[in-house]
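Colleague: I would like to go through this model with you, a few residues at a time. Please show it first.

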Amino acid sequence: MESFTPLTAALGGSLIGLATAVLWLGNGRIAGISGIFGQLLPPAQTVVWRLVFLVAMVLSTFVIARLLPGIGMGGHVPAALVEAPAAWGVPTPVWLAIAGLLTGVGTKIGNGCTSGHGVCGLARLSRRSLVAVLVFFGVAMVTVAITGVV
């Protein structure tokens, strides 16, 4: 664990918790990213707050990555995408597209994603969210064991 960064992890986790609490208390909505994004197509009646939330999330990440390139990485190395396992012979863009599609299908089947179930659902003591998070982490561990991608 050469890039163990407890301070930045605690800060990032606190900011995620604060953002979800503000959205819940201020708008009465759960900060499940798949649900927020999924309601854009086809557009729901509440498009504006969804767009503001998603744009702010992406834009703030971009700004912080430019201002503090090594934050959370354990040094001054900018974050980069993980390369697909060479032994599998799949180009990285195809690998990422397949992973994205599987994630999208999984969030649809699971009626939520890691942010909705893991952050918001567990905070509300939802049993359904606990089961979903256990499945997320179990599948993630199996995937890492099979692919070797960390």
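Modeller: This is a predicted model, where local features need pLDDT of at least 70, side-chain atom pairs count only at pLDDT 80 or more, and totals for chains, interfaces and linings use all residues. Residues are numbered from 1 along each chain as its sequence is written, and side-chain values use heavy atoms, with hydrogens and water left out.

Colleague: Leaving aside neighbours within four places in sequence, which residues is G118 in contact with?

Modeller: G118 sits in helix α5, residues 114–123. Helices are DSSP runs (H or I, at least four residues), numbered from the N terminus. Contact means heavy atoms within 4.5 Å. Beyond four places in sequence, G118 contacts C113 and V133.

Colleague: How far apart in space are G118 and L130, C-alpha to C-alpha?

Modeller: In sequence, G118 and L130 are 12 residues apart. Their C-alpha to C-alpha distance is 7.5 Å.

Colleague: Is T107 buried or exposed?

Modeller: T107 belongs to helix α4, residues 92–109. Not counting residues up to four places away, T107 touches S34, G112 and C113. Buried means under 20% relative accessible area, exposed over 50%, partly exposed in between (1.4 Å probe, protein chains only). T107 has a relative accessible area of 18%, so T107 is buried.

Colleague: And why does V55 count as exposed?

Modeller: V55 lies in helix α3, residues 47–67. V55 counts as exposed because its relative accessibility is 51%.

Colleague: What is the relative accessible area of G118?

Modeller: G118 is partly exposed. Its relative accessible area is 24%.

Terms used:
Helices (H or I, at least four residues) and strands (E, at least two) are DSSP runs, numbered from the N terminus.
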